[in-house]
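I opened the file to look up the confidence, the domains, the sheet and the ligand shell. My notes are below the display.

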Amino acid sequence: TEPDAAPSGPPAFPIPDNVFAEKVVLVEHFTDRLFRFRITRPASFRFRSGEFVLIGLPNAERPVFRAYSVASPAWDEEIEFYSIKVPDGPLTEHLQKIKPGDTVLMRKKPTGTLVHDALVPGKRLYLLSTGTGVAPFASLIRDPETYEKFEEVILVQTCREVGELTYITHLVTDLVNDPLVGEMVEGRLKLFTTTTREPFERMGRITDLMIGGTFFEQTGLPHISPAKDRAMICGSMAMLKDTKAMLEGFGLIEGANNAPATFVIERAFVG
Ligand code: A2P
């Protein structure tokens, strides 16, 4: 195998000590820019739903690693990731070509702030995302702990185009058949998707829709308040900044693993 060829066959380079080398078990492409894939899970790998890991490919002596939220829940036997395809992206230009049987490298230590431990108890949990920022929430909405802690879960994703909503829409639709959380999600998990650049039944950035009140009129949910509502945010740098300002305007306070409060942000994917 050529060192920088698309991944196939056995790894051409030695596997470093601090990484797991796992096999791809499934790849599904949604649009020309988005796909998901699943890999085997090492027996010793533990993580909390909502955390991220660094992943790479065994195609160089010093592989390029990028932060990826684990999109599957902590109980799952496999690990799922949801990825963008960047044409000249150092990792994704190769990652988008993976096939079942290929090897993916995963650093051993997961981390992140989009975890239940970082939020104080509340009635409703808002999961606010744009684009691939929905990935950690794909994990959290499949975790029973989410429904043990919250009466209602409202998952929001804003994307430019309708096709980009497919991953989460299919996942949520299929969740009622899930043996573990199927009964818990009924009537308690709401998915609110919007687009900004292609006509769809709901349009606009979530920040505009919440600040303007349209979101609350359309869903019948009360305005966000620190008494009952908790939130997690994951998206681009600009989205994080604007959504954080919005939640602070509603009276929520940013928390962390060591100082739980009423909302949290994942900063791992930007900057
Ligand atoms: P818009 O089309 O109005 O820019 P991107 O691909 O640039 O990360 O954007 C993904 C989605 O997030 C798009 O629908 C985009 O809307 C929206 N978005 C971008 N910036 C913000 C922001 N600051 N606050 C809320 N939504 C945003």
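The entries follow in the order in which I looked things up.

**Confidence**

I note at the start that this is a predicted model. I read a mean pLDDT of 94 for the chain, with 95% of its residues at 70 or more. For the complex, I find that the predictor gives an ipTM of 0.98 and a pTM of 0.94.

**Domains**

I looked up the domain assignment and got domain 1 at 19-107 and domain 2 at 116-265. Taken over C-alpha atoms, the centres of domain 1 and domain 2 are 24 Å apart. I then checked the contact: domain 1 puts in 17 residues and domain 2 puts in 13 residues. On the side of domain 1 that touches domain 2, I list strand 1 (19-31), strand 2 (34-40) and strand 5 (78-84) as the elements that give two or more residues. Strand 5 gives the most to that side, with three residues. By residue class, I record ten nonpolar, six polar and one charged on the side of domain 1 that touches domain 2.

I traced an open sheet of five strands, with parallel pairing and the order 9-8-7-10-11. Strand 9 (189-195) and strand 11 (263-265) are its edge strands, and each of them pairs on one side only.

I looked at one pair in detail. Strand 7 (residues 124-130) and strand 10 (residues 229-234) are joined in the parallel sense over six bridges. I followed L125 to its bridge partner in strand 10, which is R230.

**Ligand shell**

Which residues come nearest to the ligand? Of the 13 residues around the ligand, I list T130, T196, R205, A238 and M239 as the nearest. The elements that give two or more residues to this shell are strand 8 (152-159) and helix 8 (237-249). Helix 8 has the largest share, three residues. The classes in the shell are three nonpolar, six polar and four charged.

Note on methods:
Residues numbered from 1 in each chain as written. Predicted model: local features only at pLDDT ≥ 70, side-chain atom pairs only at ≥ 80, totals over all residues. Near = placed C-beta within 6 Å. Helix = DSSP H or I, 4+ residues; strand = E, 2+ residues; numbered from the N terminus. Nonpolar A, V, L, I, M, F, W, Y, C, P; charged D, E, K, R; others polar. Domains from an automatic or database assignment. Contact = placed C-beta atoms within 7 Å. pLDDT = per-residue confidence, 0-100. Pairing = 2+ DSSP bridges.
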